[in-house]
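Here is a short briefing on one chain. Please look over the sequence and the structure before reading on.

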Amino acid sequence: MGIFSLLEKNAETELINDIESVLRTHYSSGAKELLSRFTYLKSHPESRIIEPFGLYATAINVLLGSSSVAPERYTETMTYGEKVYADMFPYEENTPDFENISSIFLEMFNKDGVIPRKLFDGTIYDLFSDKFNYMKWSKNIIGDSSNGLIEAYIKPYAITARAYFLDEDCFTANLIDVTMKLQRTADMQAVIDDELEKMRRMSGIYDVNEATLLDAVRKIQMAQVLHDRVVELVKVVEERVNILDATSRNSVQDVKTICEDEVKKAKYELSIIDEKLKAAYDECVSEQKQVVLYEKKKLVEETFAEAEERLSALKKAAEKTINTVKLEMPEGITQLELGTVENAAKISVTSSTSKHQTEAGESRKITAEYSNTIPDASAYLNQHDEYAKIYEPQINVKDEDVEIPDVNPLLDETKKFSDRYQAAMDKKSYMIAMGEHFHKMFDDVLIAVMENANPYLIGPSGCGKTYMVSQIAKILDMDFIDIGYINEEYDILGFQTADGGYSRPNFYRCYKYGKIAFCDELDNGNSRATVKLNSFLSNLKDASYNFPNGENVRRHPNFRIIGAGNTDGNGADSNYNSREKIEESVQQRFTPIYVGYDNEVEKKILADYPDWYSFLVLFRKATDEWGRKNYGDAPGIITTRDATRIKKYKDNNSFDMNKILEYEFVQTKDITYLAFIEDHIRHNIKDFANAEEIMRAFSQIVDSRRG
């Protein structure tokens, strides 16, 4: 009984009765016609085509549940289903795999199924050993059989194409693809011919006739003739090259001689220029020395005059004090003297004979002296003349005295951006020619700065964010100030000092005088304090801000803010677990740009040491794989900063190979992690053969760590 073997006889009977009851309650003429057919087959088993009868009843149940079939087509559809059953079940219930095929058969009655649309084709169905593949294909057919697509095109193609496929899944995929192409095109035969031609070629079948072979032979003969001519031309060229080589050697010698003469002449002229410059320099130094000596003499004279005035005032104050002391002096004090200014200011106090005398009748005299010497100002300056030469008077320059610079030509929005950008790129090209290396994301960051878009550079430690900002400042010919991470509001706004003054922060100077404010580690600051940046990130053309000192500062057109951080601003991650979430309003005013490590920059840095560059690439691939397998960032990754240090060690021959590996690749890493890295590098070292020596040394260090 197949799938119905699981049903009890009474359950099958109940199913049949339920379907009959549903048909009786259906008032359409089509349902009544199907009911008549159903009751007839129920009582006349010999007239049934679909067996068991429970399968027939289930098919009607599926049909009734499908809204795509109108009631008047119920009987027609079931009749078509009986024809399909005959093709699918040649041995009725004894057909192999009856249970699975029955499931496919019932699925054909569903909405937009094969049977309601009359799309079943027994020939195509037989091409599939796995009948579920047939259902996969049939679901891609649009419409019904009335257009003749299956009979005229798909079936002939499927019969022919089946011979080219050993794998049925591949055949199914190809037939689905061709069916969809046929439904989208008007020239169906061209599609069929093209697909069959592809399969024949894939199978090594080519339509080669005698004319084609003769044409190929003719082309081979022509190629041989051309080859002979090329050989002759090569001989001629070699002869001419030999002649040119001899001529060039003579020319090189002549040019070398001329160059040596010109170099000697240039050296002689440079020596003359050098002597003239030296004489001019000595003359300039002598003139400046005279100016300095004059200024010094003038300053000394002014200082002498001021000192004399102060000494005179002190003398008058001392005399006044002495007179006051005399008036208030206790009885018995007989003498008080004031020395001259030139010698010293000396006060001497002496008492009279005491009431208590000695037995010899001699009086006892008690004298107290206090002296405080104030030297002459001119003598002091002459004595300490060397200090006067060193300690020049300092002029305290206030911010108000600094000249406000003009608008930077590369940031002047009255000029076309394309012209400004081309000028910046020309300067970049010059810097490259001078040996500078640029990150692959440099141009995007530069554009964001020029467009006043407040870029926020996201990247791990050591990937070159700060260096990139310094390069941008160099190209724009501007100063940039790293204001660090923002912990308090006064890091941006400054503060009033205890004496009523105002401490101007670096951010103030950037805003007023048109510099680049680099907010590094923006995700490591105080998010509440960072919100203060919103007032400066709006980038309005005529913006200004009232700083705590009461000064209303107008935003300079050159002012730019560049932020940077190790995270995307949404809080801590596995490597940077102390990072704060940047407040959303601040994030919206920044343009996030992911920087990351750039292998091309590191390749240029280590151009003289390709073996170390190869090992760096292998090591980073291993750390990336560790991160993927452990769902997080790997510890101790190799940075662009590390590449720069390696180059320095090699250039200076300071650390040997083992020391570089120990300090840059091994230290602080546990043995499990190192073992994983070593194993991954060993499996990929074949693609980087020049790093094998470094790899062997690395393996030895890791083995020694294992103990």
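Ala 163 is exposed, with a relative accessibility of 69%. Exposed means over 50% relative accessible area, buried under 20%, and partly exposed in between (1.4 Å probe, protein chains only). The model is predicted: local features need pLDDT of at least 70, side-chain atom pairs count only at pLDDT 80 or more, and totals for chains, interfaces and linings use all residues. Residues are numbered from 1 along each chain as its sequence is written, and side-chain values use heavy atoms, with hydrogens and water left out.

**Around Ala 163**

- Ala 163 lies in the loop between helix H8 (149-161) and helix H9 (168-184). Helices (H or I, at least four residues) and strands (E, at least two) are DSSP runs, numbered from the N terminus.
- From C-alpha to C-alpha, Ala 163 and Met 199 are 9.9 Å apart in space. In sequence they are 36 residues apart.

**The chain as a whole**

- The chain holds 27 helices and twelve strands.
- It has 707 residues, of which 36% count as buried.
- Take the contacts (heavy atoms within 4.5 Å) between residues at least 6 apart in sequence: 67% of them join residues at least 24 apart.

- The peptide bond from Glu 51 to Pro 52 is cis, with omega near 0 degrees.
- Pro 52 sits in the loop between helix H2 (29-43) and H3.
- H3 has twelve residues and reaches 17 Å from its first C-alpha to its last. That is close to the 16 Å expected at 1.5 Å a residue. The expected span is 1.5 Å times one less than the number of residues.
- Ten of the twelve residues of H3 are buried, so the helix is largely enclosed by the rest of the structure.
- Among the buried residues of H3 are Phe 53, Leu 55, Tyr 56, Ala 59 and Ile 60.

**Nonpolar cores**

- A nonpolar core is a set of buried Ala, Val, Leu, Ile, Met, Phe, Trp, Tyr and Cys residues joined through side-chain atoms within 4.5 Å.
- The largest such core has 60 residues. Met 88, Phe 105, Met 108 and Tyr 134 have the most contacts inside it.
- H3 (residues 53-64) gives this core its largest share, eight residues.
- Phe 105 is in contact with residues including Ile 50, Leu 55, Ala 59, Met 88 and Ile 115, leaving aside neighbours within four places in sequence.
- A second, separate core has 35 residues. Val 601, Phe 665, Ile 677 and Ile 685 are among them.

**Helix H26**

- H26 (residues 671-684) has 14 residues and reaches 20 Å from first C-alpha to last, close to the expected 20 Å.
- Its buried residues include Tyr 673, Phe 676, Ile 677, Glu 678 and His 680.
- Cover for the buried residues of H26 includes helix H23 (610-630), helix H25 (657-666) and helix H27 (692-706).
- At the start of H26, a side-chain oxygen of Asp 670 comes to within 3.1 Å of the backbone nitrogen of Thr 672.

**A buried lysine**

- Lys 428 belongs to helix H14 (residues 417-433).
- Lys 428 counts as buried, at 12% relative accessibility.
- The side chain of Lys 428 makes a polar contact (2.8 Å) with the side chain of Asp 443. A polar contact is a pair of N or O atoms within 3.5 Å; within protein, one must be able to donate a hydrogen and the other to accept it, and residues adjacent in sequence count only if both atoms are side-chain atoms.
- Lys 428 also touches Phe 438, Phe 442 and Ile 475, not counting residues up to four places away in sequence.

**Positive phi in loops**

- Glu 92 is not a glycine, yet its phi is positive, at about 50 degrees. The residue lies in the loop between helix H4 (74-88) and helix H5 (98-107). Glu 92 is partly exposed, at 41%.
- Lys 118 has a positive phi near 55 degrees. Its place is the loop between H5 and helix H6 (122-126). Lys 118 is partly exposed, at 28%.

**Cysteines**

- The whole structure has zero disulfides (pairs of cysteine sulfur atoms within 2.5 Å).
- Cys 170 is partly exposed, at 43% relative accessible area. Cys 259 is partly exposed too, at 41%.
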